[in-house]
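Please look at the sequence and the structure first.

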Amino acid sequence: MNLRTRIAIWSNVFNISVLLFFAGGMYLGITHSVDEGINNRLYSTAEATYYIVEKPISSGNLVIASRDFENILRAFLGFSGAEGYVRIVRYDGKVISSTQNVFFQDLKLDYEDLKVLANNREILRDYPAPEGANEKRVRVIFYPIVVDNKLLAYIEVASSLARLENIQNSILQILLIIIPVTIAMLNIGGVIIFNRGLKPLSILSKELKNISAKDPKKFPQWDKDDEFRELFQSINDMLDRFNKACMQTAQFSADASHELRTPLTIIKGLIEVALRSERTVEEYQDILVSILEEIERMVRIVEDLLLISKSEAGEVLIEKKEINIKTLLTELCEHLSLFANEKNIILNCCDIEDITIMADALRLRQVFTNLIDNAIKYNKENGKVSVYTRRENNGLCIYVEDTGIGIKEEDIPHIFDRFFRADKSRKREIGGAGLGLSICKWIIEGHNGYISVDSHYGIGTTFKVWLPIS
Ligand code: ADP
């Protein structure tokens, strides 16, 4: 079922319910007030009749001729006799006086009714109208005439309910016409409003169909200043992000295959050279060592790629425990100083605060190994690497500073991108696929910290890692 049909059904259900509620309320309200009017008239006629006839009856002067009775009522009450009748009935059922045009000849009250009347309480009751009458029902009030706690007689006032029934029928007929016409009008109006309101959505779906991954063109802007403008803008932003992600994924796959293809090509070449002619054992050993180096390189790349894809899928957890930064960094410097000594580089690791923070020791070790390793790798002969800490903004800053080759200004924004290497041709000798810094960034951000770089080409580079202390 499409949206249009669903909204049409729901709005019709709602509209019909509101109309029925409204119509029902109106019907009941009008009926009730007419009904009340009839009751009041019956009651006041009965009460007035009581005052006219009470005295003569209590003094035993019971008989009033029908004609006189009707004339008295006409004179005193303005009784017309058109819609009803009045009569006085003795407690034993004998009619004492009556107007003409009586609907019911014999409306006998039972013992229980007489008991109610004897208690000076009136009875109001509807009776089916006699055969052949226009109306369906007749309402009758029985009004007691009690003297000295004894029921002498009662006044029976009847009124036709034809007026009430006519009003009810008229309202029903009007509603039967008004409700369907109103619903039809609401539906026509609804369709017009719906079509106009959903026009942007039709444009949206048409434009979205035209967008393909191969040709991610810009989505049109919505020039009217309404809610759709925001939606169109959000879709444009989402498409930008989507395009960027697609490009990054494509770039990532291309870079990954390129990085893996280079060592594989070298291995292939080495094996071909080994097979071309017979060689000495030493020569074979040299070739095998070179192959092993390339394989180790590929293993590192694959491990890094695996870590990156797992971290993106949220599968790698940062498990924080209390660790002492001084112990961690001093130990690391000790290990890496061997590597630094080979290049006559001084690795200085003295100015480190003795502080404990909550962090994942294994991951932090990975970060600083990479930073110090880079500071040594991209350094000059007799250069210097300093590792030191400072307190800053409720956190600890760990600096890795070198006097190395530095990074060109235009390369600095890309330094944390995957597979980025400032100088692609030279870096193969040094090693590294350009994944280290992007992994560092992910790990530090996973600790709610940040990593930044400050570098001067040809002079040196300083990496700053900020970690929260608490
Ligand atoms: P790699 O494995 O290539 O070292 P990284 O992600 O660790 O990968 O570094 C990316 C690039 O950033 C390096 O190839 C290098 O060009 C540059 N770089 C990183 N650290 C330094 C540094 N201390 N001095 C100069 N260049 C650096």
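## Overall form

Buried residues make up 20% of the 470 residues in the chain. A residue counts as buried if 20 or more other C-beta atoms, placed from the backbone, lie within 10 Å of its own. This is a predicted model: local features need pLDDT of at least 70, side-chain atom pairs count only at pLDDT 80 or more, and totals for chains, interfaces and linings use all residues. Residues are numbered from 1 along each chain as its sequence is written.

The chain holds 11 helices and 12 strands. Both are DSSP runs, numbered from the N terminus: helices are H or I with at least four residues, strands are E with at least two. The radius of gyration of the chain is 51 Å, well over the 23 Å that the globule rule gives for 470 residues, so the chain is more spread out than a compact globule. That radius is taken over C-alpha atoms, and the rule is 2.2 Å times the number of residues to the power 0.38. Along its principal axes, the C-alpha trace spans about 155 × 55 × 45 Å.

## Domains

The domain assignment gives domain 1 (3–167), domain 2 (227–312) and domain 3 (321–468). Such bounds come from an automatic or database assignment. The centres of domain 2 and domain 3, taken over C-alpha atoms, are 23 Å apart. Their contact takes 9 residues from domain 2 and 8 residues from domain 3. Two residues are in contact if their C-beta atoms, placed from the backbone, lie within 7 Å.

On the domain 2 side, helix H6 (227–276) and helix H7 (281–312) each supply at least two residues. H7 gives the largest share, 6 residues. This side divides into 4 nonpolar, 1 polar and 4 charged residues. Here Ala, Val, Leu, Ile, Met, Phe, Trp, Tyr, Cys and Pro count as nonpolar, Asp, Glu, Lys and Arg as charged, and the others, Gly among them, as polar.

## Helix packing

Helix H8 (residues 325–342) packs on helix H9 (residues 361–377) at about 35°, with the axes 10 Å apart. Axes are lines fitted to C-alpha atoms, for helices over the stretch in contact, and angles run from 0 to 180 degrees between N-to-C directions. Leu328 and Phe339 are among the H8 residues that meet H9, whose partners include Phe368 and Ile372. The contact divides into 12 nonpolar, 1 polar and 2 charged residues.

H9 also packs with helix H11 (residues 436–446), at about 145° and with axes 9 Å apart. Val367 and Leu371 are among the H9 residues here, and Cys440 and Ile443 are among those of H11. This contact has 5 nonpolar, 4 polar and 1 charged residues.

Key. A residue is buried if 20 or more other C-beta atoms lie within 10 Å of its own, exposed if 12 or fewer, and partly exposed in between; C-beta atoms are placed from the backbone.
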